[in-house]
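Hi,

Here is the structure I promised to pass on. Have a look at it first, and then read my notes below.

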Amino acid sequence: MIRPISRGRLAPAKNLGGPTAPQHRCPNRPAFVGLRRQCPSSPRYNRHAVTACYSCGKNAADPTSLPPREAIYDDGHWRVAHAFGSALPGWLVVVSCRHLTSLSQLTPDEATALGPLLQRLSIAVESVTSAIKCYVVFLAEAPGFEHLHVHIIPRAPHMPPDRTGIEALKYLAQPEGEWVSPEEMDRVSEDIQRMLRATTH
Ligand SMILES: [Zn+2]
């Protein structure tokens, strides 16, 4: 099931396209069918508890408790969130639901899910931010952030030359006063989530 998550409730359990995640039904928490990370009886449960990993902490949270900027999308393989500490609205991160540190560690299902998701996110981000394309970057070098996460960076049409290409990473090094506010991240995230639902294929 592919399930963009809405704030405060679960999205309808309809197939929105793409590969189908393996099913797990928790006998104790039927409302969390499909949200395998929250169920201790899930075969995936124990693979997400890596101490001191920021992404594992977010992955382990009750999805319905997360703000829109942390729960744009979740198909059981990948969770999409708005990047924090960025001065660029629409900068997303695609986070693996398991604690991985390299693309080489992906299962075939995880790898199969990633490609179409990147394409759909590019469509959504370009539509919402008017970007001419999206950069896709995987680094995960900062201490505490080694967890596999792929950056989706909107390339704005009038981005200054010293901020294009790999220099766009400078938008993560701006003074805090220039960061996209939580309110703006939530608004952009909700717009992107709506676009994702419209790009089912
Ligand atoms: Zn992790």
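First, the ground rules. This is a predicted model, so local features need pLDDT of at least 70, side-chain atom pairs count only at pLDDT 80 or more, and totals for chains, interfaces and linings use all residues. Residue numbers start from 1 along each chain as its sequence is written.

On confidence: pLDDT (the predictor's confidence in each residue, from 0 to 100) has a mean of 81 over the chain, and 74% of the residues reach 70 or more. Please be careful with residues 6-48, where pLDDT stays under 50. The model has 73 contacts beyond four places in sequence for that stretch, a contact being two residues whose C-beta atoms, placed from the backbone, lie within 7 Å. Where pLDDT is low, the predicted coordinates should not be read in detail.

Now the fold. The chain has three helices and five strands, taken as DSSP runs numbered from the N terminus (helices H or I, at least four residues; strands E, at least two). Their order from the N terminus is α-β-β-β-α-β-β-α. Of the contacts with a separation of 6 or more, 60% join residues 24 or more positions apart.

The five strands form an open sheet in the order β1-β2-β3-β5-β4, with antiparallel pairing; two strands pair if DSSP finds at least two bridges between them. At its edges are β1 (73-74) and β4 (133-138), each pairing on one side only. β4 and β5 are joined by six bridges, and Val-136 has Ile-152 of β5 as its bridge partner.

Ile-152 turns up again in the largest nonpolar core, as one of the residues with the most contacts inside this set of 32. Such a core is a set of buried Ala, Val, Leu, Ile, Met, Phe, Trp, Tyr and Cys residues joined through C-beta atoms within 7 Å. Buried means 20 or more other C-beta atoms within 10 Å of the residue's own, exposed 12 or fewer, and partly exposed in between, with C-beta atoms placed from the backbone. The biggest contribution to this core, six residues, is from α2.

Finally, see Leu-172, in the loop between β5 (149-155) and α3 (182-198). Leu-172 counts as partly exposed because it has 17 C-beta neighbours inside 10 Å. Beyond four places in sequence, Leu-172 is in contact with Gly-85 and Ser-86, and its C-alpha atom is 6.5 Å from that of Ala-87, 85 residues apart along the chain.

Best wishes
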